[in-house]
Amino acid sequence: MSTTANEAPRSRGKAPAGERVADWADGRLGIYSLAKANMRKIFPDHWSFMLGEVCLYSFIIIILTGVYLTLFFHPSMNEVTYHGSYVPLQGQLMSEAYASTLDISFDVRGGLLIRQIHHWAALIFLAGMFVHMMRVFFTGAFRKPREINWLFGFLLFVLGMFTGFTGYSLPDDLLSGTGIRFMEGAILSVPIVGTYISFFLFGGEFPGHDFVARFYSIHILLLPGIMLGLVVGHLILVFYHKHTQFAGPGKTNKNVVGMPLLPVYMAKAGGFFFLVFGVIAAISAIATINPIWAIGPYRPDMVSTGAQPDWYMGFSEGLIRVMPGWEINFWGHTLVLGVFVPLLIFPLVLVAIAVYPFIESWVTGDKREHHILDRPRNAPTRTAFGVAWITWYMVLLIGGGNDLWATHFHLSINAITWFVRIGFFVAPVVAFIVTKRICLGLQRRDKDKVLHGRESGIIKRLPHGEFIEVHEPLSQEQLHTLTAHEQYKPAEIGPEVDENGVRRKVKRTEKLRAKLSKGYYGEDSQIPKPTVEEYKEITSGHGHH
Amino acid sequence: MFAPADKAQADETAQSLAIDEGKKLYAVGCASCHGTGGQGTTDGPSLVGVGAAAVDFQVGTGRMPAQQPGAQVPEKPVVYSQAEIDQLAAYIASLGAGPAIPSEEKYGPEGADIAKGGELFRNNCAQCHNFTGKGGALTHGKYAPSLEDVDPKHIYEAMLTGPQNMPSFPDGTMSEQNKKDIIAYLDAVNSDDTVEPGGLSLGGLGPVSEGLFAWVFGLGALIAVAVWVAARTAKAKKS
Amino acid sequence: MSSQDIPEENLPAEQDAPHGHGSVRTADEQNPFADPGLPPHEHRIQDTDERAAKRSERTVALLFTLSMLATVGFIASFVTIPVDKSVYIFPLGHISALNFALGMTLGVALFAIGAGAVHWARTLMSDEEVADERHPIEADPETRAKVHADFKQGAKESVIGRRKLIRNTMLGALTLVPLSGVVLLRDLGPLPGTKLRHTLWSKGKLLVNMNTHEPLRPSDVAVGSLTFAMPEGLEEHDEEFMTEIAKAALMIIRLEPEAIKDKRELEWSHEGIVAYSKICTHVGCPISLYEQQTHHALCPCHQSTFDLADGARVIFGPAGHALPQLRIGVNDEGYLEALGDFEEPVGPAFWERG
């Protein structure tokens with residue numbers, strides 16, 4: 001005690017400035033207890049775990065460049081005559097929004113670069129979220145305790161789509177205006193209230209004078225504000241849950257193996273931000289995105305062929321393109337099924353993937369925490385469902401670009417539309433069946449490898465003339481990794497008659513669950529993993545060969 | 001030197017000579033589909049009244065003579081020399097009055113308003129040929145071709161005559177000045193010298209090619225970087 | 001739900017982890033599949049060879065220096081390159097010199113920082129893998145019981161359960177108060193009324209050619225040609241031009257009268273000249289990809305196809321009904337004129353359309 005008392009004043013006087021600032025902050029914010037839990041937090045190393053970082057960093061880049069763009073962009077639909085430096089538009093009537101976007105592109109030094117970084121980063125943000133979501137899906141990382149974070153991520157993806165769409169519409173160019181017109185037509189198709197919503201959104205008839213200003217506040221304030229909150233929540237949960245990891249030697253459901261935040265991940269993750277920003281900046285130096293000057297100002301009576309939205313809205317474009325033109329007229333009203341049905345399927349496509357974790361946890365009835373990731377092959381039904389969903393999404397994406405596929409592959413646009421109409425129903429089913437087969441095949445191969453060893457490629461001739469390929473036994477690390485996955489047994493309904501001979505009422509949901517569970521974990525849906533007994537029997541047999 | 005009367009006389013002689021030559025070429029190369037007198041058959045439309053401009057466009061871009069039936073007759077290497085095309089055109093023009101081959105001052109850049117041309121292009125042409133003339137799809141395998149590297153004369157003739165499924169834009173509804181403006185606009189935004197300030201134009205096809213680029217090169221590059229960041233560093237050899 | 005009734009034996013056995021972190025690796029005779037524990041740490045070249053470590057240090061420093069140079073290059077480009085200067089760079093084409101210079105220097109400046117930091121982390125920072133214990137997220141039973149008890153006590157002390165009147169009126173007030181916000185949204189726009197049913201067209205309005213801004217005569221319109229028209233009196237500088245042209249835009253073609261299959265279409269035409277709305281009945285794109293040989297018009301947005309020789313009925317795609325036709329004639333001075341407004345609403349269908 002006495003020594004510390006003696007040393008205390010001396011060390012206070014001598015403590016480096018950083019330490020003193022930290023002490024000051026701790027006295028007010030309690031940062032030390034926060035840092036104690038997090039400074040040396042362990043993160044596992046795997047490239048696929050960095051996909052989320054791609055999203056986070058492109059989101060930050062979008063915010064930084066977006067703030068810059070607001071300094072020059074005029075969210076106004078007042079008609080002006082253009083006198084800027086882009087010759088092919090001089091003297092043309094256009095909205096102030098379009099004219100200011102031209103100024104950003106041609107007269108503000110670096111404005112074009114920032115505009116392109118903003119837009120490229122947006123496309124990469126959405127693509128990153130898509131791939132990140134699929135990584136989480138196929139490895140089962142959405143299982144307890146991470147279901148809420150899955151929903152946070154899903155909401156970010158959906159809000160990202162709408163933030164992108166509203167931003168894409170702001171320059172008021174001919175392409176984005178066509179997109180807005182499509183949106184207006186879709187809103188009009190909503191029964192009973194559609195016309196009113198449209199008039200309220202556009203401040204009257206389309207296009208009116210208001211939507212750019214309204215979309216502007218939605219694009220720069222409302223949606224990004226919500227997204228920022230969700231991103232923070234998403235990250236807090238990632239820290240709180242600690243990262244998942246793949247099975248392997250030393251890795252269990254009760255630990256996380258990797259390297260500490262300080263210093264390794266501080267450097268790797270911090271460095272990765274600069275890498276992402278650097279790559280996007282270079283892309284923006286090399287490739288044009290959304291050349292609004294070539295597209296021209298919006299006029300509701302003009303259009304260009306190849307009118308498409310950005311890729312993340314492409315599947316909705318596909319839906320609307322392939323839908324037959326059903327329309328029902330009754331009692332002085334029109335039910336525009338040809339537009340309204342796609343408008344309803346649009347959220348369904350997204351919700352199908354969002355609710356999956358809850359369906360799976362209901363089927364398994366598993367209430368335990370899961371921190372060890374599945375290899376996709378070891379969860380064949382889930383993997384097959386995921387691939388079917390992606391196939392569905394891709395078929396619609398093809399539908400959304402049917403005119404370009406037609407010209408580039410010399411096909412008939414009508415034939416592609418029919419292909420998509422049929423593919424919408426058939427392709428996911430085929431993808432499901434094929435994927436499940438492939439998964440089971442890979443499981444068999446793993447089992448083979450465990451029991452018989454790895455094919456070494458060395459052919460040996462035995463004394464009696466027989467040729468055999470030498471199989472090398474696996475190391476214990478490999479054996480463990482290949483057998484670490486869990487296998488469920490299908491749930492059973494249980495006896496329908498209880499011990500007193502009274503018929504028990506079996507709920508329909510219970511029957512459904514038993515059926516689904518059989519589909520998930522029945523004999524046709526997983527290959528039983530090798531047991532220790534099988535292994536010992538075969539390895540001892542090998543000795544006698 | 002000819003006197004004016006002689007000149008007219010000589011022009012007329014030259015003209016009738018050209019028609020005769022054209023007729024011979026026609027009999028060999030065109031008559032099997034369009035009929036011996038240009039009256040048309042089941043395999044090809046009548047050419048009476050289509051005018052010299054239509055011939056100059058169809059043969060001058062290699063579309064005619066057609067090779068095989070299909071959704072649309074495509075552009076091909078040109079088979080005839082310009083002199084032969086002129087003779088063919090003279091012959092067809094003699095069958096019935098139609099638009100003549102435009103002179104160069106009609107499609108040259110002098111006196112053209114590029115911005116007005118852009119507006120006209122977006123109103124009349126972009127719906128099939130895309131914002132800057134990159135082409136697009138029509139029904140059942142037909143397409144509006146790309147206007148890149150197309151001779152301004154041929155663009156003018158196409159507007160005038162409406163080849164295949166393209167509607168025509170005769171001078172009555174689209175003035176000569178309008179056509180000149182459109183051609184000047186195309187030259188400004190879709191030629192080898194067009195400045196694409198942002199970099200690669202990715203085909204000028206809009207969001208589909210941009211989306212593909214973002215996935216393949218954007219996300220692709222970032223995943224490659226991520227693999228490097230997360231990969232293990234080479235270990236020292238155990239000795 | 002019934003998840004509680006899942007028999008325990010159907011759940012896979014929890015992975016047991018006999019070897020905590022840092023345990024000595026022992027071959028398990030009983031279970032060949034058992035977790036052997038973390039493999040021993042292997043040194044990198046940089047850990048054992050100081051020269052290699054020095055090389056790494058120099059590489060990192062070089063990358064950071066490169067970034068500094070690139071930033072200097074960025075500022076220099078910004079100051080020296082004019083904003084409108086273009087340059088030819090293979091294979092990019094003619095591009096803005098400033099955009100390319102700024103983007104590349106910024107890209108290098110950022111990428112080099114990242115590459116330096118990551119190389120530093122990969123080669124010089126400790127790469128020993130360590131394990132961190134996880135703790136269950138669920139609270140232990142005592143905490144759980146305590147929280148539940150606290151909550152019950154709080155709820156009890158608030159008397160909300162007993163004083164139903166307070167509870168019900170509070171819920172009522174909280175439910176009603178957001179309505180003020182909803183009501184405020186009312187003035188976002190006017191009510192639709194019959195606005196979507198009417199356009200600027202009316203009897204006697206001339207059809208003005210949008211290319212030349214001159215009124216059209218029948219002789220201007222040739223068979224196989226395509227022309228767009230707007231109503232006389234509408235000017236591009238008008239305040240409401242956009243809203244009006246969004247409904248009034250007209251597509252004019254001429255067919256041989258005997259090629260017109262639909263009787264009403266023929267009646268409403270003038271010498272084979274027919275005028276259709278240019279606005280697609282699907283979701284409102286300006287539809288005008290007119291194929292003059294097939295008489296089909298295709299929408300570039302969603303490929304609805306209309307047969308303009310047969311009442312513009314839909315022959316393919318998602319549109320639900322034919323394009324509205326405008327009845328036209330010729331006035332005393334020989335100009336094409338409208339004989340009234342469209343008889344049905346133009347553009348996308350809506351609930352009140354009927």
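**Domains of chain A and the interface with chain B**

Chain A is divided into domain 1 (9-39), domain 2 (51-247 + 262-368) and domain 3 (450-539), with bounds that come from an automatic or database domain assignment. This is a predicted model, in which local features need pLDDT of at least 70, side-chain atom pairs count only at pLDDT 80 or more, and totals for chains, interfaces and linings use all residues. Residues are numbered from 1 along each chain as its sequence is written, chains are lettered from A in the order in which they are written, and side-chain values use heavy atoms, without hydrogens and water.

**Domain 2 and domain 3 of chain A**

- The C-alpha centres of these two domains lie 45 Å apart.
- Nine residues of domain 2 are in contact with 11 residues of domain 3 (contact means heavy atoms within 4.5 Å).
- A salt bridge (a side-chain nitrogen of Lys or Arg within 4 Å of a carboxyl oxygen of Asp or Glu) joins A:R368 to A:E486, with the closest N and O atoms 3.7 Å apart.

**Chain B and chain A**

- In this interface, 51 residues of chain B are in contact with 65 residues of chain A.
- The buried area (the accessible area, with a 1.4 Å probe, that two parts lose on being put together, summed over both) is about 4600 Å², and carbon and sulfur atoms give 72% of it.
- B:R122, B:F131 and B:L222 supply 16% of the area that chain B buries against chain A, more than any other three residues.
- The count between the chains is one salt bridge; A:R299 forms a salt bridge with B:E119, the closest N and O atoms being 3.6 Å apart.
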